[in-house]
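Please keep the sequence and the model at hand while reading.

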Amino acid sequence: MSRRSSVWMAAGIAAAFAGSVVMAAAQQAAPKPAAKPPQDKTKLPELSAQEQQAIDAAVPSTATAKPAKPRRVLVFWRCEGFFHGSGIAGGNRSIATMAEKTGAFTADFSIDYADFDAASLAKYDAVVLNNTTQLAIPDDGKKQALLDFVRRGKGLVGIHAATDNFYKWPEAAAMMGGLFAGHPWGGGGTWAVKIDDPGHVLNRAFGGKGYKLKDEIYQFKDPYTRADRRVLLTLDLSDADTAKPAEKGGRADKDYAISWIRAEGKGRVFYCSHGHAANVFADAPVVGHFLDGIQYALGDLPADATPKR
Ligand SMILES: [Zn+2]
């Protein structure tokens, strides 16, 4: 090494050292980044005019069944865990539009646990859990009231994250029919869905044809089983892109149900894992499936819930 280059090197090291001192001083002087305010999970994002139009247009003008009597649903959308703002806003608008356009029911929207009081529940024919997460329904009679509500003959509907609740309440997890166990199929993807039971009345909206949808698709852990329900829709693993995420682990039985109905005592449960974001509620066949499922839960649309493998 020449003398000249070693001098250059020494100068370089000195400059680097000086630089690091300056940087350290700058870091010390810099104000601390403001702490992120906690997310307000009571405030839904506003849907654009275009989204609103698309959601309204996807709702059929008539419901499949004529209600046997005036029906009322409680749409509950409280989140203690992950907050699906877009999915909740889209689902709430879709359900409000169903009520307005078809007259199949009237809908109340709530995030207040007081609505699970037995006396309050008595006003309703079905409860819809629209993307609720980690619900902590008080154990002061309200939890039992919800179980009794369904088991004595009313309805329960679950949209998307409705299976992301009840991890410590096995009876409710079994009532809904499964617990969230990840989503190998991310919300940015478009996934193929197969009609499990093309002749089933609740699959009427699909006209017997499978479809592709941009949505986040869940996999489930126990108490998910086909033994106590009729599965209506399943991921179509014959589609190469849809099969890929299942290769990295997932269920040994490759059973990725999306929608099902089941009897709970004298009551009826309909769950569909679609609904991660508002775009799902602009898909007419999927919205038709939701409306038919709600009418099944209400007791107006008779459907076979016996298990079928
Ligand atoms: Zn989601």
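The model is a predicted one: local features need pLDDT of at least 70, side-chain atom pairs count only at pLDDT 80 or more, and totals for chains, interfaces and linings use all residues. Residue numbers start from 1 along each chain as its sequence is written. The protein has 8 helices and 11 strands; these are DSSP runs numbered from the N terminus, with helices (H or I) of at least four residues and strands (E) of at least two. Of its 309 residues, 42% are buried, a residue being buried if 20 or more other C-beta atoms lie within 10 Å of its own, exposed if 12 or fewer, and partly exposed in between, with C-beta atoms placed from the backbone.

**The sheet**

- An open sheet of 9 strands with mixed pairing runs in the order S2-S1-S3-S4-S11-S10-S9-S6-S7; two strands pair if DSSP finds at least two bridges between them.
- Its edge strands, each pairing on one side only, are strand S2 (106-110) and S7.
- On average, neighbouring strands of this sheet are turned by 20 degrees against each other, direction ignored; axes are lines fitted to C-alpha atoms, for helices over the stretch in contact, and angles run from 0 to 180 degrees between N-to-C directions.
- Strand S1 (residues 72-76) pairs with S3 in the parallel sense over 4 bridges, and Val-73 stands opposite Ala-126 in S3.

- Leaving aside neighbours within four places in sequence, Ile-294 is in contact with Val-73, Ala-126, Val-128, Val-157 and Phe-270; contact requires C-beta atoms, placed from the backbone, within 7 Å.
- H8 lies across S1, S3, S4, S7, S10 and S11, and runs at about 165 degrees to S11.

**Helix H5**

- Leu-146, Phe-149 and Val-150 are buried in helix H5 (residues 142-151).
- Seen down the axis of H5, its buried residues fall within an arc of 90 degrees, so they line one face of the helix; the arc is that of the directions from the helix axis to the C-beta atoms.
- The elements covering these buried residues include helix H4 (118-121), strand S3 (126-130) and strand S4 (155-159).
- H5 lies across S3, S4, S10 and S11, at about 105 degrees to S11.

**Loops and backbone details**

- His-160 lies in the loop between S4 and H6; its phi is near 45 degrees, a positive value in a residue other than glycine.
- His-160 is buried because 29 other C-beta atoms lie within 10 Å.
- Phe-166 also has its place in the loop between S4 and H6, and has a positive phi of about 60 degrees although it is not a glycine.
- A cis peptide bond, with omega of about 10 degrees, joins Asp-222 and Pro-223; Pro-223 is in the loop between strand S8 (220-221) and strand S9 (230-235).
- Asn-203, in the loop between strand S6 (190-195) and strand S7 (211-214), counts as buried because it has 22 C-beta neighbours inside 10 Å.
- Asn-203 and Asp-292 are 89 residues apart in sequence and 8.3 Å apart in space, C-alpha to C-alpha.

Notes:
Contact = placed C-beta atoms within 7 Å.
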